[in-house]
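Subject: Structure handover

Hello,

Here is the structure for you to look over. My notes on what was found follow below it.

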Amino acid sequence: MSSQSTATPSPEPRPGQPAPDFTGLTTDGATLGLADLRGAPLVLYFYPRDNTPGCTTEARDFQAALPAFEAAGAQVVGVSNDDATSHRKFCDKQGIEFPLIADTDRSISQAFNVLRMKNMFGKRFEGIERSTFLIDADGVIRQAWRKVKVPGHVEAVLEAVKAL
């Protein structure tokens, strides 16, 4: 009986490890995956839901800093469990120009171990814990932020990108 499996991603991907491979549908209907994003640093951020106050602020903050991320050679991609139609409406309403991936089957969220049990109004449900991963051009995780608080987060990620 072997405890090793090459098909199962690490339960919690950590800095220094290869990022879990993923593919998902984006706001423009295209399929986007880790292999498509190699060659430049990637900021992959997970957020709970489109059109909620914290998620809207975080997306707007990433959008406002997008020119600085691009100047540093980095790409920004957001992921939530909302569908592509919801993402498109969210992007149109908020002026978001970077891709959002619709992880409706939760496979990407599971691979990055960002799903947690939550309580809202007495109801328990599984949802995304706000998290961000900085992945280098070779697909290796360089930094991970979990239980993210929105204020100041984008600035901290940008500084980490500049330090690569």
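The protein has five helices and nine strands. Helices (H or I, at least four residues) and strands (E, at least two) are DSSP runs, numbered from the N terminus. Along the sequence they come in the order β-β-α-β-α-β-α-β-α-β-β-β-β-α.

Two notes on conventions. This is a predicted model, in which local features need pLDDT of at least 70 and side-chain atom pairs count only at pLDDT 80 or more, while totals for chains, interfaces and linings use all residues. Residues are numbered from 1 along each chain as its sequence is written, and side-chain values use heavy atoms, with hydrogens and water left out.

Overall shape

The C-alpha atoms fill a box of roughly 50 × 45 × 30 Å along the principal axes. The radius of gyration is 15 Å, which agrees with the value near 15 Å for a compact globule of 164 residues. That radius is taken over C-alpha atoms, and the globule rule is 2.2 Å times the number of residues to the power 0.38.

Of the 164 residues, 46% count as buried. Buried means under 20% relative accessible area, exposed over 50%, and partly exposed in between (1.4 Å probe, protein chains only). The accessible surface comes to about 8,600 Å², and 51% of it belongs to carbon and sulfur atoms. Areas come from the Shrake-Rupley method with a 1.4 Å probe; for residues, only the protein chains shown count as cover.

Contact means heavy atoms within 4.5 Å. Among contacts between residues at least 6 apart in sequence, 61% join residues at least 24 apart.

Start with α3, residues 84-94. Its buried residues are A84, H87, F90, C91 and Q94. The arc is that of the directions from the helix axis to the C-beta atoms. The face turned away from the buried side carries the exposed residues K89, D92 and K93. Cover for the buried residues of α3 includes β1 (23-26), α2 (53-71), β4 (75-80) and β5 (100-102).

Next is α5, residues 153-163. H153, V154, V157, L158, A160 and V161 are its buried residues. They cover an arc of only 160° around the axis, which puts them on the same side of α5. They pack against β3, α2, β8 and β9.

An α-helix has 3.6 residues a turn, so residues three or four places apart point the same way.

Two loops that meet

D136 lies in the loop between β8 (131-135) and β9 (141-145). D136 is buried, at 12% relative accessible area. Leaving aside neighbours within four places in sequence, D136 is in contact with A40, P41 and R142.

A40 sits in the loop between α1 (34-37) and β3 (42-46). A40 is also buried, at 16% relative accessibility. Not counting residues up to four places away in sequence, A40 touches G73, Q75, I135, D136 and A137. A40 and A72 are 32 residues apart in sequence and 9.5 Å apart in space, C-alpha to C-alpha.

Positive phi

R106 has phi near 65°, a positive value in a residue other than glycine. R106 lies in the loop between β5 and α4 (107-111) and is partly exposed at 25% relative accessibility. K147 has phi near 50°, also positive and not glycine. K147 is in the loop between β9 and α5 and is exposed, at 61%.

Best regards
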